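Biologist: I'm new to this one and would like to go through it with you. Can you put it up first?

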Amino acid sequence: MTGSSIGIEIEGVTHGYTPRSGKPTVALDNISLSIRPNEFHALLGPSGCGKSTLLFLIGGFQKIQQGRIRTARGDVTAPGPDRGIVFQNFALFPWKTVIENVRYGLEKKGLKGSEAEARAKHYIDLVHLTGFERSYPAQLSGGMQQRAAIARTLAIDPDILLMDEPFGALDAQTRRIMQEELLAIWRRTSKTVVFVTHDVAEAVFLADTISVMSARPGRIKRLVQAEFNRSDDPHIHKSPAFADMVEQVWDMVRDEVDQARMQGH
Amino acid sequence: MATLLRYTPLLIVALLWELISRSGLVSQQMLPAFSDVLRTLVELAQSGDLLSNAVASLGRALLGFGLAVVLGGALGAAMALIPFVYRGIDPIVQIFYPLPKSALIPLVLVWFGLGDKSKMFLVFLGCLQPMILATFNGLRGVDTILGWSARSLGASRLEVVREVLFPAALPQLMTGLRTALAFMFLLMVSSELVIATNGLGYLIGSFGDQGSYREMFATILVVTGLGFAADRAFLAWSGHLLRWRP
Ligand SMILES: Nc1ncnc2c1ncn2[C@@H]1O[C@H](COP(=O)(O)OP(=O)(O)OP(=O)(O)O)[C@@H](O)[C@H]1O
Ligand SMILES: [Mg+2]
């Protein structure tokens, strides 16, 4: 059985977009990446470098044009509930209330009635949305919608968690709480996480490994081992080692951001 | 109170109507006084003529409307979801788009004669287009990511169509239904003006021919009232269905 030995195996993935108007783009250029099972992997890179595209490919939403992506369940060919995703723009069902959104995936798993209700409530509580179960997404702030989307994905307890800037719309304080909550869940349930972020400190705080991506075409420029997430020191982000690491990763990112800016991003 | 305030302009129009007619500025024939029209309306209603003709009109119209909703919805959905259906049907829909359906009244008379079928068919034709377009555009406009979301939560492709695409397209579908409802009234009356032996449109036409202008105005008021009530009721229903919208 290969089941336990691979998390996500990405081999030579190249992906381009050919829009009906405008020029074709190479979003990802020959990406190879080995993510261990239960690894917390952060993708860090300038805007437009293909982070979302890579998540879409792992999620099975877009056809792989070149290369191969495998998980413990075999080649990725279609979406499935083994790979939960939190989209950058949340993608809540606007005609469903918060709790109906969270229940949707649970009902697909066969959970019904009070069991689904209790589980949905648990995850809504986890993202601090208790009291808003019956609100429609349009009645929530961006940050609240984002947390509802996180609850909906966490509730189905996927083996692989794909998160596209999941805390982007949150204020600093809520963000810290959510980061700690996510780490706690990850430690408890042993998931493989791919986490996209722009925030260097967030990547260093959360990840085992950080992929620093280059500006278009998207490539993986550096892999950095962080592993502060294994620490049980609540003030780890104030330690000198942490600050050094953030500084070091910042330097790598800065070059790429400058390059991206010169390309007109 | 707020509703009363909202419809004050209507009261003013009725008042002006009454004044202009009473002042003798225009002949009573061209514009019978509003109060006289109302009195005639009550008489007509009591005689039972209005009801029987309204039932005849609405019966036919609703059948044509219902048929258009079912078939138009199915065609629009097929066009949105199956590429070759789109390629096959879209040119036909496009060609007929600018054609006013009332232009077909004489032709339909030849095809179906004076009976119920001709009016049903015209209403059906008029309502078909808005239903096809609303369903097609509604389904096409749904954010792809919503479908992806459902798939990654465990939905099958078919479930995505039923549980995501249709609910997400509902605002557009409701707009299409409302347009179709307006077309239904339009074609119901205009077809009966030309080809009918009963119905509200027929009443308007024959009162006009006989020179019974009060009765004609009274029937026009009835048609307007029916159309307005139907639209209001529809909006209330639609507002309830779409209560999730901001
Ligand atoms: N549907 C699409 N059609 C055409 N081009 C696309 C499409 N989606 C993405 N691209 C292009 O592919 C490149 C990568 O896009 P992607 O969304 O993956 O970047 P990203 O790293 O997630 O950016 P951000 O941090 O701003 O979210 C961009 O240059 C973008 O212009
Ligand atoms: Mg992105």
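**Helices, rings and loops**

Biologist: Which residues of α2(B) meet α3(B)?

Modeller: From α2(B) they are B:Ala14, B:Trp17, B:Glu18 and B:Arg22, and they meet B:Phe34, B:Ser35, B:Asp36 and B:Val37 in α3(B). Contact means heavy atoms within 4.5 Å. Helices are DSSP runs of H or I with at least four residues, strands are E runs of at least two, and both are numbered from the N terminus.

Biologist: And what kinds of residue are in the contact of α2(B) with α3(B)?

Modeller: There are 4 nonpolar, 1 polar and 3 charged residues in that contact. Ala, Val, Leu, Ile, Met, Phe, Trp, Tyr, Cys and Pro count as nonpolar, Asp, Glu, Lys and Arg as charged, and the others, Gly among them, as polar.

Biologist: Before we go on, what am I looking at?

Modeller: This is a predicted model: local features need pLDDT of at least 70, side-chain atom pairs count only at pLDDT 80 or more, and totals for chains, interfaces and linings use all residues; side-chain values use heavy atoms, with hydrogens and water left out. Residues are numbered from 1 along each chain as its sequence is written, while chains are lettered from A and ligands numbered from 1 in the order in which they are written.

Biologist: Back to those two helices. At what angle do helix α2 and helix α3 of chain B pack?

Modeller: Helix α2 (residues 8-23) and helix α3 (residues 34-47) of chain B pack at about 105 degrees, with their axes 8 Å apart. So α2(B) is roughly perpendicular to α3(B). Axes are lines fitted to C-alpha atoms, for helices over the stretch in contact, and angles run from 0 to 180 degrees between N-to-C directions. Under 35 degrees counts as roughly parallel, over 145 as roughly antiparallel, 65 to 115 as roughly perpendicular and the rest as oblique.

Biologist: How many helices and strands does chain B have?

Modeller: Chain B has 11 helices and 0 strands. Its C-alpha trace spans about 70 × 50 × 30 Å along the principal axes. Of its 246 residues, 43% count as buried; buried means under 20% relative accessible area, exposed over 50% and partly exposed in between, with a 1.4 Å probe and protein chains only.

Biologist: How much of the contacts in chain B comes from residues 24 or more positions apart?

Modeller: They account for 70% of the chain B contacts with a separation of 6 or more.

Biologist: How do helix α9 and helix α11 of chain B cross?

Modeller: The axes of α9 (residues 157-194) and α11 (residues 213-241) of chain B come within 11 Å and cross at roughly 170 degrees. That makes α9(B) roughly antiparallel to α11(B). Residues in the contact include B:Leu170, B:Met174 and B:Phe185 of α9(B), and B:Val223, B:Phe234 and B:Trp237 of α11(B). The contact of α9(B) with α11(B) divides into 13 nonpolar, 2 polar and 2 charged residues.

Biologist: Change of topic. How many aromatic pairs are there over all chains?

Modeller: A search of the whole structure finds 22. Rings of Phe, Tyr and Trp (its six-membered ring) pair if their centres lie within 6.5 Å; planes under 30 degrees apart count as stacked, over 60 as edge-to-face and the rest as tilted. One of them is the tilted pair of A:Phe40 and A:Phe195, 5.7 Å centre to centre with 45 degrees between the planes.

Biologist: Where do A:Phe40 and A:Phe195 lie?

Modeller: A:Phe40 lies in strand β3 (residues 40-44) of chain A and A:Phe195 in strand β8 (residues 192-197) of chain A, so the pair ties together parts 155 residues apart in sequence. A:Phe40 counts as buried, at 0% relative accessibility, and A:Phe195 counts as buried at 0% too. Ring pairs also link A:Phe40, A:Phe167, A:Trp186 and A:Phe195 into a cluster.

Biologist: Which ring does A:Arg152 lie over?

Modeller: A:Arg152 lies over the face of A:Phe93, 4.8 Å from the ring centre. The charged end of A:Arg176 sits over the ring of A:Phe205, 5.1 Å from its centre. The test is NZ of Lys or CZ of Arg within 6 Å of the ring centre and within 35 degrees of the ring normal.

Biologist: Last topic, the backbone. What is the phi of A:Ser190?

Modeller: A:Ser190 has a positive phi of about 45 degrees, although it is not a glycine. Most residues other than glycine have a negative phi. A:Ser190 is in the loop between α5 (172-189) and β8 of chain A, and at 41% relative accessibility A:Ser190 counts as partly exposed. Leaving aside neighbours within four places in sequence, A:Ser190 is in contact with A:Asn38 and A:Ile185.

Biologist: And is A:Ala91 buried or exposed?

Modeller: A:Ala91 counts as buried, at 7% relative accessibility. The phi of A:Ala91 is near 55 degrees, a positive value in a residue other than glycine.
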